[in-house]
Amino acid sequence: MNELAKNRAQDGEARPNLKRRARIMVALIVVLILMGVNLAIGTDRLQIEKVISESMLPTLEIDDRLLVDKNAVPKRYDIVIVNDPDRPGEKLVKRIIGMPDDLIVIDGGVLYVNGEEQFSRQVTDNTIDWRDLRVRVPLGKVFVLGDNRNNSYDSLNFGPVAKDQIRGVMQGIIWPPSRWRRVQPFE
């Protein structure tokens, strides 16, 4: 066998070896990620929540499974899991629109926070079918709305939510696989 043929034979043997190593590395990374998530869930930091209503369309769909960080500090525009104030033991998935001391105003269907009009392509409708409203968010509370603004049971119905009623901050969609992603920052 000449030298060129030997080199080709060795290259042919090396390629499957490289592919095998790459598969092993990918498998190890997946295992490490799963171990980290399992550890976080086992230490009660992360939990998985299921979306059961259309109140967060188009951002979240019914039956989406969410990875929620129970220790995260909620900020404006975060999607949070809150205790339902009218049904003990039940929970709601909503977006924080107002923080403590913010002025929330609905005037002619337009939402304003601290005098600034709130417009987003990520909600079903930027015009809210609600009576005119003016609310100063009390200290220790937040104002939450669904992204499906005219089909959501939220702070328009039950008022601001105490921060200690927030169960966690959504980190991403983990199921179904076709929707596996972090939710884009709110515009």
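Strand β5 (residues 103-107) and strand β6 (residues 110-113) run antiparallel and are joined by four bridges. The model that shows this pairing is predicted. Two helices and 11 strands are found in the protein, and 37% of its 187 residues are buried.

**Sheet and strand order**
- Within the pairing of strands, I104 stands opposite V113 in β6.
- Along the sequence, the elements follow the pattern α-β-β-β-β-β-β-β-β-β-α-β-β.

**Salt bridges**
- Side chains of opposite charge can pair when their charged atoms come close.
- The structure contains nine salt bridges, one of which joins the side chains of K91 and E49 at 2.9 Å, N to O.
- Because K91 lies in strand β4 (residues 91-98) and E49 in strand β1 (residues 46-50), this pair ties together parts that are 42 residues apart in sequence.
- K91 is partly exposed, at 32% relative accessible area, whereas E49 is buried at 7%.
- D84 and R87 also form a salt bridge, with their closest N and O atoms 3.0 Å apart.
- D84 is buried, with a relative accessible area of 5%, while R87 is partly exposed at 44%.
- Salt bridges with shared partners connect E61, D64 and R179 into one network.

**Surface charge**
- A patch of positive charge on the surface is formed by K19, R20, R21 and R23.
- Of these residues, R20 lies in helix α1 (residues 3-42).

Note on methods
Residues are numbered from 1 along each chain as its sequence is written. This is a predicted model: local features need pLDDT of at least 70, side-chain atom pairs count only at pLDDT 80 or more; totals for chains, interfaces and linings use all residues. Side-chain values use heavy atoms; hydrogens and water are left out. Patches are made of residues with over 30% relative accessible area and no salt bridge: like charges are joined within 9 Å, nonpolar side chains (Val, Leu, Ile, Met, Phe, Trp, Tyr) within 5 Å. Accessible areas come from the Shrake-Rupley method with a 1.4 Å probe; for residues, only the protein chains shown count as cover. A salt bridge is a side-chain nitrogen of Lys or Arg within 4 Å of a carboxyl oxygen of Asp or Glu. Lys and Arg count as positive and Asp and Glu as negative; His and the chain ends are not counted. The place of a charge is taken as NZ of Lys, CZ of Arg, CG of Asp or CD of Glu. Two strands pair if DSSP finds at least two bridges between them. Buried means under 20% relative accessible area, exposed over 50%, partly exposed in between (1.4 Å probe, protein chains only).
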